[in-house]
Amino acid sequence: MSVRVRLAPSPTGNLHIGTARTAVFNWLFAKHHGGQFVLRIEDTDLERSKPEFTENILDGLRWLGLDWDEGPLYQSQRMDLYKNAVQTLLDKGLAYRCYCTPEELNAMREAQKAAKQAPRYDNRHRHLTPEQRQAFEDEGRTAVIRFKIDDDRQILWNDLVRGTLTWKGSDLGGDMAIARAAKPGEIGQPLYNLAVVVDDIDMNISHVIRGEDHIANTAKQILLYEALGNSAPEFAHTPLILNQTGQKLSKRDGATSVSEFRNLGYTAEALANYMALLGWSPPDSEERFTLEEAAKKFGFDRVNKAGARFDWDKLNWLNGQVLHDLPVDELLEKLIPYWKDAGFEFDVERDRSWLTQIAQVIGPSLTVLPDAVEMSRALFVESVEYDEKAQQQLALEQVPEVLTAVRDQLAETSELTEDAAKDIIKKVTKELKVKKGLVMKSLRAGLTGAVQGPDLIQSWLVLNARGLDKARLDNAISQ
């Protein structure tokens with residue numbers, strides 16, 4: 001059997017990190033087995049589904065590098081297929097029309113709650129006579145369509161992550177609604193469990209890979225596969241993504257959608273890499289890899305059952321590694337939009353060599369792309385303000401003499417190169433008989449307004465290229 005998996009997001013919100021992690025696992029499994037990855041948009045919730053959410057989902061998957069082999073296929077364009085399946089179940093006597101009003105269902109739930117029972121439909125309309133049905137229709141009642149679930153039935157499957165799972169029919173909440181309420185003789189909008197099964201049958205899906213919150217749905221869906229005369233695919237229920245306290249990840253924990261992570265300055269490579277690690281352990285314990293490399297090793301034997309705790313430190317480390325390894329031209333292209341948004345003045349083409357220097361200076365220190373704004377601010381602006389530690393450094397007794405000596409040496413230097421800058425520091429240290437650390441720290445404070453930051457020598461060369469270093473040293477001396 002050829003492997004065919006699917007991702008089936010609902011466009012009622014932006015691409016969630018949990019859905020994206022499910023997409024990663026599906027993609028890895030399909031690639032590992034030389035199979036196909038199908039994209040299906042489950043947009044049957046017409047009120048909440050929005051085109052902008054669909055576009056966000058497609059953009060997010062493309063950005064992450066998760067290409068699909070078929071689709072996107074839209075459920076909203078397949079309604080006749082679902083209604084035919086519902087009619088088949090009605091014709092087989094495996095489904096029926098239920099005329100309960102919302103008020104009756106609410107009263108049923110309240111009575112069960114008072115009796116400390118789990119909420120469930122009590123199947124009260126399963127055996128209506130034709131006369132009873134007609135009476136309800138004469139009252140003007142609409143009917144949902146429910147699928148019959150045998151309370152005594154035991155549903156069992158071998159989950160690729162969790163092993164053998166067993167559910168009782170009595171734990172599934174009574175006969176399941178599979179189509180919304182409609183006028184007499186009509187079939188309303190098909191509901192999730194029915195549509196999913198029909199789609200997976202029609203698309204020849206071999207493996208359904210999704211979060212563990214779908215386990216109860218799987219038990220119901222297996223019954224629908226059987227009722228429609230098909231065998232169920234294999235299932236793999238992956239662990240949920242949790243925060244550091246073990247709760248389900250939510251907006252309170254920071255970003256939850258792929259677009260939010262993107263806006264925070266994370267790279268697609270790092271985020272995709274990290275999502276693969278959320279619940280899966282590579283056999284070689286390697287933590288940094290491309291999706292293509294992970295696909296060669298991926299298998300559900302190394303997917304955890306326990307929830308995967310989101311570790312911001314790990315993601316930050318991975319993102320930093322990706323940024324540090326980028327060719328400088330690629331890094332520069334990623335940084336330019338952030339510099340523009342910060343209001344820094346430059347001409348991309350005319351100043352490309354200088355901008356490349358800045359990218360080289362700050363690249364090794366970056367964790368996320370927005371870090372570049374503050375890291376490089378001192379290299380763009382005409383003059384700098386001194387932070388508290390820089391002011392303290394410049395107030396030290398020997399600092400004016402040190403900076404004056406540096407300024408004098410700089411005036412005698414025809415071209416400031418890396419070697420020339422190092423020679424200036426060496427000469428000043430020797431002539432004034434001071435520690436090299438004092439010279440370096442004072443020079444940094446004078447040139448950048450801070451005592452910490454990217455490589456000092458390279459920063460100095462960038463400032464010198466724009467003729468800013470002499471004026472800054474003069475200003476620092478006057479302080």
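By class, the residues lining the largest pocket comprise 14 nonpolar, 15 polar and nine charged ones, where Ala, Val, Leu, Ile, Met, Phe, Trp, Tyr, Cys and Pro count as nonpolar, Asp, Glu, Lys and Arg as charged, and the others, Gly among them, as polar. The model is predicted, so that local features need pLDDT of at least 70 and side-chain atom pairs count only at pLDDT 80 or more, while totals for chains, interfaces and linings use all residues. Residues are numbered from 1 along each chain as its sequence is written, and side-chain values use heavy atoms, with hydrogens and water left out.

The largest pocket has a volume of about 920 Å³; of its 38 lining residues, the closest to its centre are Ala 8, Ser 10, Thr 19, Asp 213 and His 214. A pocket is here an open set of points on a 1 Å grid over the protein atoms alone, where a 1.4 Å probe fits, with protein on both sides within 12 Å along at least five of seven lines, and lining residues have an atom within 4 Å of a point. Strand E1 (4-7), helix H1 (17-32) and strand E9 (207-211) each supply at least two lining residues, and H1 gives the most, with six residues. Helices (H or I, at least four residues) and strands (E, at least two) are DSSP runs, numbered from the N terminus.

E1 also belongs to an open sheet of three strands, in the order E1-E2-E3 with parallel pairing, in which E1 and E3 (70-74) are the edge strands. Two strands pair if DSSP finds at least two bridges between them.

| Strand pair | Bridges | Direction |
|---|---|---|
| E1 and E2 | four bridges | parallel |
| E2 (36-41) and E3 | three bridges | parallel |

Helix H6 (192-202) is mostly covered, with eight of its eleven residues buried, among them Asn 193, Leu 194, Asp 199 and Asp 200. What covers these buried residues includes E1, E2, E9 and helix H7 (215-227). After H6 comes Asn 204, whose phi is positive, near 55 degrees.

Technical notes:
Points joined across faces, edges and corners; volume = space filled by probe spheres on them. Buried < 20%, exposed > 50% of the residue type's maximum accessible area, 1.4 Å probe, protein only. Contact = heavy atoms within 4.5 Å.
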